Amino acid sequence: MPVYIHEPTISLLARPAFIEPSHLPVNWIGESTDGERLSEFAGRLCYMSQRNPASRSTHEYLENIKRQGHGSVLEHATYSLLLEGVSRSLTHELVRHRAGFAYSQLSQRYVDESEANFVVPPAIIGDEHLETAWREQMEAAQQSYVMLVEHLMKRYAWVADKVHRRKMAREGARGVLPNSTETKIVATANARAWRTMLELRSSEGAELEIRRAAVAVLHVLSGEAPALFSDFEIYEAADRREAARVAYHKV
Ligand SMILES: Cc1cc2nc3c(=O)[nH]c(=O)nc-3n(C[C@H](O)[C@H](O)[C@H](O)COP(=O)(O)OP(=O)(O)OC[C@H]3O[C@@H](n4cnc5c(N)ncnc54)[C@H](O)[C@@H]3O)c2cc1C
C-alpha cells in the first residue's frame with residue numbers, strides 16, 4: 001500500500017559561509033548569520049562604507065536595502081533546500097521559477113515507481129468520500145504502472161544493456177503515474193530569487209499545495225536568515241489556511 005502524504009518535508013542542505021577579508025573589515029552591529037553578512041558586505045562595498053557611519057545593525061542595513069529595492073545585493077546569499085513529500089504537479093510549478101534557481105529532481109526514467117507514494121491534494125483533505133475516490137485512482141494507476149513495466153521489460157528484452165532496458169520500460173510506464181505522485185527535488189537559489197518565488201507562491205492566489213510548501217520554505221529561510229526575509233508576514237487567510245504577504249515587493 002502506498003503512503004499518503006499530507007505535509008512536505010523541507011531540509012536545509014547548504015548556506016553561505018562568509019569569509020571576511022582582513023583588509024576590508026566591517027564595523028558589524030548586532031547578531032547576524034553568514035548569508036546576511038555576505039549581503040551586507042557586498043552592499044557596503046558599493047560605497048566603501050565598511051566603517052558603518054550610520055551605525056546600522058545588519059538587520060537595519062538589510063531592511064533599508066529591501067525597502068529601496070536593491071535586490072541585487074541579496075543575490076550573493078544562496079540557500080539549498082531539499083523538498084520531499086511534494087507532488088509532481090508542485091515541482092512542475094516550482095521549476096517555472098528560473099532566474100537564480102538550480103534544480104535536481106528524482107528521475108522517473110531511472111527510479112522505479114512501483115512503490116511510489118502519493119501527496120493528497122490539500123483541497124480534498126478532510127472529505128472522506130473524495131479521499132477514498134482519489135486513493136482508488138492512485139492505487140489503480142500504480143497497478144497499471146507495475147503491469148506496464150513488466151510487459152515493457154519483456155518487449156525490450158532484446159536490449160542488451162539492462163539499465164537502458166529498465167529506463168525504456170519506466171519511461172513508457174510513467175505515463176500513467178498521476179500528478180500526485182510524490183517526488184523529491186533539490187532547489188538552490190539566491191535570496192532574491194527565493195523572495196520572488198515566495199511572494200508568488202505563498203499568496204492566497206497560489207495553488208494550495210505549493211502555497212503550503214512555500215510557507216514551510218519561508219519558515220526555514222526566515223529562521224536561517226531573518227534579515228533577508230523579515231518583511232514576509234505569515235497569516236491565516238479567509239480559507240483558514242496559512243498564506244504569506246511581503247512588505248517589499250519583487251524588484
Ligand atoms: C498563481 C499562479 C498561477 C500561474 N498559472 C500559470 C498558468 O496557468 N500557466 C503557465 O504557464 N504559468 C502559470 N504560472 C507561472 C508563471 O507564469 C511564471 O512562470 C512563474 O510564476 C515564474 O515567474 P517568473 O517568470 O517571474 O520567474 P523567473 O523565471 O524566476 O523570473 C524572475 C524574474 O526575472 C525576470 N526574467 C526572467 N526571465 C526573463 C526573460 N527571459 N526575459 C526578461 N525578464 C526575465 C522577470 O522580471 C521575472 O519576473 C502561474 C504562476 C502563479 C504564481
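Analyst: Start with Ala-102, which stands opposite Thr-188 in E6. This is a predicted model, by the way.

User: What makes E4 and E6 a pair?

Analyst: Two strands pair if there are at least two bridges between them. E4 and E6 are joined by five bridges, so they count as a pair, and they run antiparallel.

User: How do you know that E3 pairs with E6?

Analyst: E3 (residues 78-87) and E6 (residues 182-190) share eight bridges in the antiparallel sense. At least two are needed, so this is a pair too. In it, Leu-83 sits across from Ile-185 of E6.

User: And what makes E2 a partner of E3?

Analyst: Five bridges, again antiparallel. With a cut-off of at least two, E2 and E3 therefore pair. Here Leu-12 stands opposite Leu-81 in E3.

User: Why are E2 and E4 called edge strands?

Analyst: The order in the open sheet is E2-E3-E6-E4, four strands with antiparallel pairing. E2 (9-14) and E4 (101-105) each pair on one side only, and those are the edge strands. From one strand to the next, the twist averages 20 degrees.

User: What packs on that sheet?

Analyst: Helix H7 (residues 208-224) does, touching E2 and E3. Touching here means heavy atoms within 4.5 Å. The direction of H7 makes about 150 degrees with that of E3.

User: Why is the crossing of H1 and H2 called left-handed?

Analyst: The axes of H1 (residues 34-47) and H2 (residues 58-68) come within 10 Å and cross at roughly 60 degrees. Left-handed means that the near helix is turned anticlockwise from the far one by less than a right angle, so that is the turn to look for in this left-handed crossing.

User: Which residues make the contact, and how do they divide?

Analyst: H1 brings Glu-36, Ser-39, Glu-40, Gly-43 and Arg-44, while H2 brings Thr-58, Tyr-61 and Leu-62. They divide into two nonpolar, three polar and three charged.

Key. Residues numbered from 1 in each chain as written. Predicted model: local features only at pLDDT ≥ 70, side-chain atom pairs only at ≥ 80, totals over all residues. Heavy atoms only, no water. Axes fitted to C-alpha atoms, helices over the stretch in contact; angles between N-to-C directions. Nonpolar A, V, L, I, M, F, W, Y, C, P; charged D, E, K, R; others polar.
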